[in-house]
Every structure is written in C-alpha cells, then in structure tokens.
Amino acid sequence: SSAVNMGGQPAPAPEDDDGNSAGSEDGGGAVASTPSVATLVRFALPCFLSALTGELMSIADTSVVGAISTHDLASLAPAALIADTATYSFWFLNIATTSLVA
C-alpha cells in the first residue's frame, strides 16, 4: 500500500542521510544511490590536503632557511629535491588506497 497525502497525491519516498530516495530502484531491483556533494567532499578533502602538504612544507622551509642565509638556501634545493623525489615515489600508495576505498 502506498501513502497518500492530504491532496490525494502519492506521498514522496522518504530520504536517507545522503538525500537519496529510500524507495528509488533501478531496473535490476537494486536501490540506486548517488553520492551527495557532502559525501564527495568528505572523501576528497583528505586526498586534496595530502597533496598540498608537501608544497606547504616546501614554502615553509624556503621562507625559514632564506631568512638565515643565501648559502643555506642554496643547499636546501638539493635536499628538497631528494625529499620530494622520495615522497612522490610513494605517491602511488595514495592513489591505490583511494581507488580501493572508492
């Protein structure tokens, strides 16, 4: 039996936490679910922030070391290159983990 509202029209299906209709089904009988924007942001934000941390640390290193001396700043470039290469060589773990969780 379907619910009917005061105007004689069928009542809309209740929504779950993500704003999806609880009663919407596709042709196969499975409930169709489309992620909301909030769900996508909760999922993507940590990945986005992890991509920014290396760049923010590089800016912080450059500003602090540059205030000390130009020789120290010149020696920072090779060290940053080695550290960034090591970081980016393990970047596949971030991509693979994101794919597995999705």
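Biologist: At what angle do helix H1 and helix H2 pack, and how far apart are their axes?

Modeller: Two packed helices are described by the angle between their axes and the distance between the axes. In this predicted model, where local features need pLDDT of at least 70, side-chain atom pairs count only at pLDDT 80 or more, and totals for chains, interfaces and linings use all residues, helix H1 (residues 37-68) packs against helix H2 (residues 70-89) at about 165°, with the axes 10 Å apart. Residues are numbered from 1 along each chain as its sequence is written, and side-chain values use heavy atoms, leaving out hydrogens and water. Helices are DSSP runs of H or I with at least four residues, numbered from the N terminus, while axes are lines fitted to C-alpha atoms over the stretch in contact, with angles from 0 to 180 degrees between N-to-C directions. H1 and H2 are therefore roughly antiparallel (angles over 145 degrees).

Biologist: Which residues make this contact?

Modeller: With contact meaning heavy atoms within 4.5 Å, H1 contributes Glu55, Asp61, Thr62, Val65, Gly66 and Ile68, and H2 contributes Asp72, Leu73, Leu76 and Tyr88.

Biologist: How do the axes of H1 and H3 cross?

Modeller: The axes of H1 and helix H3 (residues 91-101) cross at roughly 180° and come within 12 Å, which makes H1 roughly antiparallel to H3. Here Phe43, Cys47, Ser50 and Ala51 of H1 meet Trp91, Asn94, Thr98 and Val101 of H3.

Biologist: How much space lies in the largest pocket, and which residues line that pocket?

Modeller: Rolling a probe the size of a water molecule over the atoms shows where empty space is left. A pocket is an open set of points on a 1 Å grid over the protein atoms alone, where a 1.4 Å probe fits, with protein on both sides within 12 Å along at least five of seven lines, and lining residues have an atom within 4 Å of a point. About 160 Å³ of space lies in the largest pocket, and its lining includes Gly54, Met57, Asp61, Ala80 and Thr87. H2 gives the most to this lining, with six residues.

Notes:
Helix = DSSP H or I, 4+ residues; strand = E, 2+ residues; numbered from the N terminus. Parallel < 35°, antiparallel > 145°, perpendicular 65-115°, else oblique. Points joined across faces, edges and corners; volume = space filled by probe spheres on them.
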